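Please look over the model below before reading the points that follow.

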Amino acid sequence: MRTIWLSLLLSATLVAVSGQALAGETRARQILDRFEHANQWRDHVMVAAHRAGSMQAGKTLYAENSIAAVEGSIAMGAEIVEVDIRRSKDGEFVVMHDSWLDRTTTCKGEVVKYTLAELKTCRLVVEGTGAITNETVSTLREMLLATRDRILINLDNKLDVGDLPGMIAIARDLGMAEQVIVKENLWNSRRISTVKAAMDAIGGGFQFMPIIADDAVHDAGFAETVDHAFSPRAIELINWRAGAETLTETGGPLFSTRMRAAAVRGNWHIWANTYAIAGKPGGFLAGGRGDELAVQASLPRESWGFWADRGATIIQTDEPKAAIDWLTTNGFRVPYSDEARPAEPANTASIN
């Protein structure tokens, strides 16, 4: 009898500890589990918010690459925010897409000609409305603090490969390197060797995602070579659209049956991009099947549904809320644990 009671007590203790661990698990940890175990989550499409999620609704909700946009993306349930990284005149990593400040801030001129202190006088502007916000240009550290333990962050490096170690060093200092995704374009064996050397020099503990585009690569064999070199958890695939070309019917040479099989063998996600590029045809990175088709033409099945059907388990979009809503309604999303809530916003008021 005593043995039975001890067994029951032990079982109850294990359940309690397990429950406490689940309750204490951060949102980012749950997302990271899905990111790192693609084969266990093939029935779930993750959503990455382009430029922090600032581009949606005609660019009228948030300033581009702003912490406010990150907060909005977290609140709507996006798993990843993508932000762009440049350097200030005094060498600080800052969050800015363009090399010039004119379009997105109250300042004029090149980012690299401003010190961080000077950049902190530039207020971010909501491009779609012209509204001037109270936010200034963020440093990489500030942006990482805003996302830590709440959402994964994809750093779009607007600098050189050699600048990546410095970015990862900041993430490591904050204890969140594994929540950071960095990416580089790969197109031949020489480029693979160059980037591999850079990644090896940085060391492990972060997420590296190769980018492969079908203007240079035409078969899944290259992705298999990339998988062998890097063992990534995701590979970004681009299906270029040229001019007035009709919508792709297949997804192009990279979104093939062999590619999907390679992704399963390698246990990595296929990442598709549906966001818009200014001055380019709609769906320029998605064979015409982009956000314009999903939202302006009200044909989400022909955009987000098309890529999900072709194996994409991560979609980067300018319309994260609309994408999440449609994917959820149509059975492409698996709910996260109700017990794990996003962490409270970081207080960055005292950060220089």
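**Notes on the model**

1. Helix 9 (residues 220–230) has as its buried residues A220, G221, F222, A223, V226, D227 and F230. Buried means under 20% relative accessible area, exposed over 50%, and partly exposed in between, with a 1.4 Å probe and protein chains only. Helices (H or I, at least four residues) and strands (E, at least two) are DSSP runs, numbered from the N terminus.

2. This is a predicted model: local features need pLDDT of at least 70, side-chain atom pairs count only at pLDDT 80 or more, and totals for chains, interfaces and linings use all residues. Residues are numbered from 1 along each chain as its sequence is written, and side-chain values use heavy atoms, with hydrogens and water left out.

3. What do the buried residues of helix 9 pack against? Their partners are helix 8 (189–202), strand 8 (207–213), strand 9 (234–238) and helix 10 (257–266); contact means heavy atoms within 4.5 Å. At the start of helix 9, the backbone nitrogen of G221 has a side-chain oxygen of D219 within 2.7 Å. Just after helix 9, S231 has a positive phi of about 50 degrees.

4. In helix 10, the buried residues are M259, A262, A263 and G266. They lie on the same side of helix 10 because they cover an arc of only 100 degrees around the axis, the arc being that of the directions from the helix axis to the C-beta atoms. The face turned away from the buried side of helix 10 carries T257 and R265, which are exposed. Cover for the buried residues of helix 10 includes helix 9, strand 9 and strand 10 (269–273).

5. D98 sits in the loop between strand 3 (93–95) and helix 5 (116–119). Is D98 buried or exposed? It is buried, at a relative accessible area of 19%. Not counting residues up to four places away in sequence, D98 touches R86, R103 and V111. R86 is twelve residues from D98 along the chain, and their C-alpha atoms are 8.7 Å apart. The side chains of D98 and H97 make a polar contact (2.7 Å). A polar contact is a pair of N or O atoms within 3.5 Å; within protein, one must be able to donate a hydrogen and the other to accept it, and residues adjacent in sequence count only if both atoms are side-chain atoms.

6. E142 belongs to helix 6 (residues 140–147) and counts as buried at 5% relative accessibility. A polar atom of the E142 side chain lies 2.9 Å from the backbone nitrogen of T139.

7. The largest nonpolar core has 72 residues, of which L144, I153, L155, V180, M199 and I212 touch the most other members. Such a core is a set of buried Ala, Val, Leu, Ile, Met, Phe, Trp, Tyr and Cys residues joined through side-chain atoms within 4.5 Å. Leaving aside neighbours within four places in sequence, V180 is in contact with L144, I153, L155, I168, A171, F206 and Q207.

8. The protein has 13 helices and eleven strands, and 53% of its 352 residues count as buried.

9. The mean pLDDT (the predictor's confidence in each residue, from 0 to 100) is 90, and 88% of residues reach 70 or more. Residues 1–24 stay under 50, with five contacts beyond four places in sequence in the model.
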